[in-house]
Amino acid sequence: MSKQVLDSRIRDFLHKGTIIPAHPLALNESLQLDEERQRRLTRYYMAAGAGGVAVGVHTTQFQIRTPGVDLLEPVLRLAAEEINKKTSVEPFIKVAGIVGSTAAAIKEAELAVKYGYDLGLVSLGGLKDFSETDLIRHVAAIAEIIPVFGFYLQPAVGGRVLSFNFWSKFVEINNVHAIKVAAFNRYQTLDVVRAVCNSSRSNDIALYTGNDDSIVADLLTPYRFRLNGRTVEKRFVGGLLGHWAVWTRRAVELFSDIKRCVGDNYQGVEDLLARGIEVTDMNEVIFDARNSFHGCIPGIHEVLRRQGLLEGRWCLDRKEEVSPGQVEEIDRLYKMYPANVDDDFVKEFIERDKKKFGAHTITSTI
């Protein structure tokens, strides 16, 4: 398969900056794919104003790749079909999660290209026997198939600490166009940004936050380094986040406020920093950070269930459930931060969506 080149409109939109939710998996009680709700979720993210979605990532559940489950291709296909129906002129970025050994990752990259995905979000989790040099070769091989969206995953959920030297080599791979930094660590975040600023490809790589504990701060902060007698600045232009899989309309509005604040010489920044603390509090609950993220996916599902976008909070692994007290904490969020939830928007969206697309359910057996 020949190397896919990133479309110029998508590239420009990626660098302008947008919000990209990580797409959940809609299941029914029998753990079958709920195609109706899966498609509706994609349409919700478009209606809410997101600029793309990431499919086949952690939020979509890695078990979709398990033999006998085999849901990676269906979820990639369903999202692509809904996005391809989009009629507005604004671009919409399709990102496919890519995991596994080099041979497996290449197959996933080829599958993503088959369904018209723009970029592959390459997770390096699970490759603990790979040296950093091996990882660079791994990413370079994937980049021969599809444009790459890099991913710094925090060690607490399967990632590893990667050196500044690694990122300096990573950013020189020609078909790398963006990096999601989800290190949840300021020092490691700085390693990535400094490596990009030092790179000959600094202007070719868009930075997206995945640091759920500092989403707003990342988007507000100019990262500046004095290099070779000149100041080089880089900013996080957007985010690719599981947190944005819920209350997405409010996330879009917050993102717009952040862009406006930066453009207005930081007028209103104090209010945005305060809102950033609210977002971090909400993320801690939804992602179940206090319990090592055990209830992360069920927490996302619980919000979507309350809104009517999902039927339940079931996961492919039945042991994956909310932690004790997590549901009560979600209740607290609703009471404490009503301005940050988009339930009214979702209710109106679902009513419109059912009128337009109907409400019959098509399922695929696992």
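**The second largest pocket**

Reply: In this predicted model, the lining of the second largest pocket consists of Arg43, Met46, Ala47, Glu82, Lys85, Lys86, Thr87, Phe349, Arg352, Asp353, Lys356 and Phe357. Residues are numbered from 1 along each chain as its sequence is written. Because the model is predicted, local features need pLDDT of at least 70 and side-chain atom pairs count only at pLDDT 80 or more, while totals for chains, interfaces and linings use all residues. A pocket is an open set of points on a 1 Å grid over the protein atoms alone, with protein on both sides within 12 Å along at least five of seven lines; a cavity is a set where a 1.4 Å probe fits but cannot get out, and lining residues have an atom within 4 Å of a point.

The second largest pocket holds about 340 Å³ of space, a volume being the space filled by probe spheres set on the points, which are joined across faces, edges and corners. Helix H2 (35–48) and helix H13 (343–357) each give at least two lining residues, and H13 provides the largest share, 5 residues. Helices here are DSSP runs (H or I, at least four residues), and strands are runs of E of at least two, numbered from the N terminus.

The largest pocket has a volume of about 520 Å³. Its lining comprises 16 nonpolar, 11 polar and 2 charged residues. The largest cavity has a volume of about 50 Å³.

Note on methods:
Heavy atoms only, no water. Nonpolar A, V, L, I, M, F, W, Y, C, P; charged D, E, K, R; others polar.
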